[in-house]
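Please have the sequence and the model at hand.

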Protein chains: 2
Amino acid sequence: MIKVSILGTGNVATHLFKAFSKSDEIEIIQVIGRNKKALLAFAPENKTTSDFSDLKESDVYIIALSDNYIKTVSEQLTIENKLIVHTSGSTPMNELSHHQRHGVFYPLQTFSKSNELDFKKVPICLEAKSKEDLALLKNLANLVSENVYEIHTEQRKSLHLAAVFVNNFTNHLYHLGSEICEENNVPFQILSPLIQETARKIETLSPYEAQTGPARRNDSNTITNQLEQIKKPELKAVYELLSKSIQATYGKEL
Amino acid sequence: MIKVSILGTGNVATHLFKAFSKSDEIEIIQVIGRNKKALLAFAPENKTTSDFSDLKESDVYIIALSDNYIKTVSEQLTIENKLIVHTSGSTPMNELSHHQRHGVFYPLQTFSKSNELDFKKVPICLEAKSKEDLALLKNLANLVSENVYEIHTEQRKSLHLAAVFVNNFTNHLYHLGSEICEENNVPFQILSPLIQETARKIETLSPYEAQTGPARRNDSNTITNQLEQIKKPELKAVYELLSKSIQATYGKEL
């Protein structure tokens with residue numbers, strides 16, 4: 001039985017809580033958060049507290065808070081000789097070096113509280129100061145996910161950067177596409193199968209191989225026509241830069 | 001029984017041929033293409049030809065060729081009083097006005113010959129010069145897809161532009177993400193669940209609501225750090241422009 005406490009009540013804390021609750025080999029000791037209203041979602045009530053100095057004994061304390069609070073909160077924790085980890089992609093492990101036993105438990109996924117997802121598929125990237133604690137984190141992670149990786153701070157930083165490209169920026173392209181549809185009274189939903197297939201394709205092809213479209217085939221006619229079609233300067237700038245970037249990627253082939 | 005002839009042997013022609021072949025109510029009369037080797041994939045052999053003047057009688061002739069060839073090939077066709085359509089997102093319907101009966105049969109999906117896909121889910125965007133021919137195209141499209149739309153030339157043009165953003169540009173962001181992973185010896189596959197979830201999310205949330213990340217929450221600290229992390233100027237430019245574009249999208253809220 002692994003005893004776990006969660007600090008935080010946001011999206012990551014919520015999904016960790018749900019995933020841990022499903023395992024018979026994990027005992028959630030406490031959920032700790034300042035926001036009393038948010039704590040109500042984490043039943044039973046006697047296992048939640050807003051008092052960060054009132055921590056019960058666990059094997060692992062998981063700080064699932066915004067990057068800005070990780071260091072401050074970790075330094076407030078008065079527990080000793082226990083493993084403290086954070087869940088952040090962009091925060092170095094040594095932000096927790098105030099505590100002798102520290103590490104990282106980073107679930108690489110986009111979470112929203114309302115969205116149900118299969119946690120077994122969520123990649124969990126682990127790092128720990130000591131081998132023993134890495135083993136403990138692996139045991140814990142393997143109980144909730146099939147995709148567990150050992151990833152050190154520098155690699156995690158680059159994964160987090162890559163995630164900004166494939167998740168945040170991609171979602172913004174969906175938004176720009178939906179704006180174009182709206183302006184022309186076309187339902188954005190028509191594009192949904194295309195969006196799903198674009199994502200599905202790279203499970204069997206590399207994105208390099210999967211690339212199609214006017215910029216890929218150097219079709220300057222279509223590029224010129226589409227640039228004329230776009231009225232907003234900001235949208236034109238995105239179209240131009242990404243087309244150039246695609247052309248540069250494949251230009252080496254010419 | 002609807003009689004159909006396909007002009008072309010590329011990705012779109014291949015997927016249409018497969019989808020039409022599955023229906024008992026569609027008879028494929030002929031596949032016409034210059035490339036004799038490519039024609040071999042379209043059995044039986046006696047139904048294929050490389051002679052564009054040797055067309056047998058069909059109800060609908062589908063020109064599934066590159067945009068550049070649509071007009072020229074359609075003007076070479078000597079058939080009369082038959083419906084001629086193209087399959088292009090960016091070509092106006094009236095490129096076929098050489099023929100009295102003309103229209104568009106645009107399947108909005110990314111096709112590669114090797115990739116199996118469920119054609120029933122592919123949105124088909126229809127347009128026709130006459131009501132009767134629109135009805136004929138609807139009958140045909142409904143036999144192979146559950147997502148049939150009537151979309152006029154201007155709307156189709158904007159859909160095609162939006163598709164470039166959500167498909168071509170999105171795939172390029174996947175590629176940029178994979179480059180970042182490669183440079184740092186992290187397997188790109190770790191990001192696959194995130195990519196799939198990003199696409200899946202917008203089936204229940206608008207992309208506007210689904211947006212997360214440093215630019216969305218105006219986290220200038222992380223943005224500065226990530227910009228420092230990126231070495232290639234071209235990659236930096238993409239990061240900067242898309243971050244600004246996200247900030248501008250949500251800036252109105254402040």
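Chain A and chain B bury about 8000 Å² between them, and carbon and sulfur atoms give 66% of that area. The model is predicted.

**Between the chains**

The contact involves 80 residues of chain A and 79 residues of chain B. How many salt bridges are there between chain A and chain B? The count is zero. Polar contacts do occur: 28 residue pairs, both partners at pLDDT 80 or more, link chain A and chain B.

Which elements of chain A face chain B? Helix 5 (153–183), helix 6 (192–201), helix 7 (207–210), helix 8 (220–229) and helix 9 (233–251) of chain A each give two or more residues to that side. Helix 5 of chain A has the largest share, with 25 residues. By class, the side of chain A that touches chain B has 41 nonpolar, 31 polar and eight charged residues.

**Symmetry**

Chain A superposes on chain B by a rotation of 180°, with 0.0 Å of shift along the axis and an RMSD of 0.1 Å. This is the relation of a two-fold axis. In chain A, the C-alpha of A:T170 is nearest the axis, at 2.7 Å. Both copies use the same surface: 99% of the contact residues of chain A recur in chain B.

**Between the domains of chain A**

Chain A is assigned domain 1 (2–151) and domain 2 (156–251). Their C-alpha centres lie 35 Å apart. Here 14 residues of domain 1 of chain A contact six residues of domain 2 of chain A. The two domains bury about 720 Å², 59% of it on carbon and sulfur atoms. Three residues, A:G89, A:Y106 and A:I151, supply 47% of the area that domain 1 of chain A buries against domain 2 of chain A, more than any other three.

One salt bridge is counted between domain 1 and domain 2 of chain A. A:R156 forms a salt bridge with A:E127, with the closest N and O atoms 2.6 Å apart. Strand 6 (102–107) and strand 7 (124–128) of chain A each supply at least two residues to the domain 1 side. That side has seven nonpolar, six polar and one charged residues.

**The two interfaces side by side**

| Interface | Buried area |
|---|---|
| Chain A and chain B | about 8000 Å² |
| Domain 1 of chain A and domain 2 of chain A | about 720 Å² |

Note on methods
Residues are numbered from 1 along each chain as its sequence is written. Chains are lettered from A and ligands numbered from 1 in the order in which they are written. This is a predicted model: local features need pLDDT of at least 70, side-chain atom pairs count only at pLDDT 80 or more; totals for chains, interfaces and linings use all residues. Side-chain values use heavy atoms; hydrogens and water are left out. Domain bounds come from an automatic or database domain assignment. Contact means heavy atoms within 4.5 Å. Buried area is the accessible area (1.4 Å probe) that two parts lose on being put together, summed over both. A salt bridge is a side-chain nitrogen of Lys or Arg within 4 Å of a carboxyl oxygen of Asp or Glu. Helices (H or I, at least four residues) and strands (E, at least two) are DSSP runs, numbered from the N terminus. Ala, Val, Leu, Ile, Met, Phe, Trp, Tyr, Cys and Pro count as nonpolar, Asp, Glu, Lys and Arg as charged, and the others, Gly among them, as polar. Copies are superposed by least squares on the C-alpha atoms of residues with pLDDT of at least 70 in both. A polar contact is a pair of N or O atoms within 3.5 Å; within protein, one must be able to donate a hydrogen and the other to accept it, and residues adjacent in sequence count only if both atoms are side-chain atoms.
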